[in-house]
Amino acid sequence: MDITPRISSLQETSQQSHPLLRRSRTVVATADRVLITSWVGWFDCLGPLVGAATGEDETLSCLKSSNADLLICTDLLESGNGPSLVRKAKQLKPDLKALMLIQRPVLRTLLDAIEAHCDGLCAHELVGSGTLLAALSAIESDGTYLDSVVAGVLRHGRLGNGKTSSQIDNLSLREGDVLRGICKGMSNQNIADELYLSIDTVKSHVHNLLQKLPARDRTHAVVVAFRDGLVELPQRLPRWQ
């Protein structure tokens, strides 16, 4: 694929930062040494980068020796793996935010990452298009983030038996709309814009959804929704008047 026409926009995106990065002490981890080198250079003009490693044990050592509060990693590491790293990192630092870039988007990896309480999951190949910044924004405002590629893998992963659960009857029309938006990998702000609602109204619907499903967070709600057949995704969300 020729990305020459996109060079300017990619360079502009790479120079952007996010308040969460500027405020956070970040550790990065990946088996891709080219990627980790580029991250180190990228953080030179962003927030403090306090650790970088290619394996699970080395990353945990970085976390132990620093007061890091943000972990950005890939699912593939030279030793260990991303979901295992996030699980142990969360045990070590319960308030740590963890964003995982998925290089091998298979269902088992995604479910393991969700079970490890990863705060954000996004496809590795979308990072250069601004998805990383979008993920950080969603983590900060919504608590968790799934991009559309990851949501699509979960949707087609045959988590359940395809039968619609009676839980759908407990959801209002608006709650069903919001749940479909979450399952499409949309942030609260995206859903608010699509449905012409205020962001506070969307957050209220999300809160009610988590109680009704029940689910511990937005990411878990996606798993429950696909597992129990609660959503069939239209091309666009319906706009209820």
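Contact here means heavy atoms within 4.5 Å of each other. This is a predicted model, in which local features need pLDDT of at least 70 and side-chain atom pairs count only at pLDDT 80 or more, while totals for chains, interfaces and linings use all residues. Residues are numbered from 1 along each chain as its sequence is written, and side-chain values use heavy atoms, with hydrogens and water left out.

**Exercise 1. Describe the surroundings of Thr144.**

Step 1: find the place. Thr144 sits in the loop between helix 7 and strand 6; helices (H or I, at least four residues) and strands (E, at least two) are DSSP runs, numbered from the N terminus.

Step 2: list the partners. Leaving aside neighbours within four places in sequence, Thr144 is in contact with Asp119, Ala138, Ile139, Asp217, Arg218 and Thr219.

Step 3: check the accessibility. Buried means under 20% relative accessible area, exposed over 50%, and partly exposed in between (1.4 Å probe, protein chains only). Thr144 has 6% relative accessibility, so this residue counts as buried.

**Exercise 2. Work out which side of helix 8 carries its buried residues.**

Step 1: name them. In helix 8 (residues 148-155), the buried residues are Val150, Ala151 and Leu154.

Step 2: look down the axis. These residues cover an arc of only 100 degrees, so they lie on the same side of helix 8. The arc is taken from the directions from the helix axis to the C-beta atoms.

Step 3: see what covers them. Among the covering elements are strand 4 (97-102), helix 6 (107-115), helix 9 (173-183) and helix 12.

Step 4: inspect the start of the helix. Asp147 caps the N-terminal end of helix 8, with a side-chain oxygen 3.1 Å from the backbone nitrogen of Val149.

**Exercise 3. Find the nonpolar cores and the residues with the most contacts inside the largest one.**

Step 1: set the rule. A nonpolar core is a set of buried Ala, Val, Leu, Ile, Met, Phe, Trp, Tyr and Cys residues joined through side-chain atoms within 4.5 Å.

Step 2: take the largest. This core has 50 residues, and Leu71, Val86, Met100, Leu121, Leu154, Val178 and Leu179 have the most contacts inside it. Helix 12 (residues 218-227) gives the most to this core, with six residues.

Step 3: zoom in on one member. Not counting residues up to four places away in sequence, Leu179 touches several residues, including Leu209, Ala221 and Val231.

Step 4: look for another. A second, separate core of 20 residues includes Trp39, Ile72, Leu132 and Ala138.

Technical notes. A polar contact is a pair of N or O atoms within 3.5 Å; within protein, one must be able to donate a hydrogen and the other to accept it, and residues adjacent in sequence count only if both atoms are side-chain atoms.
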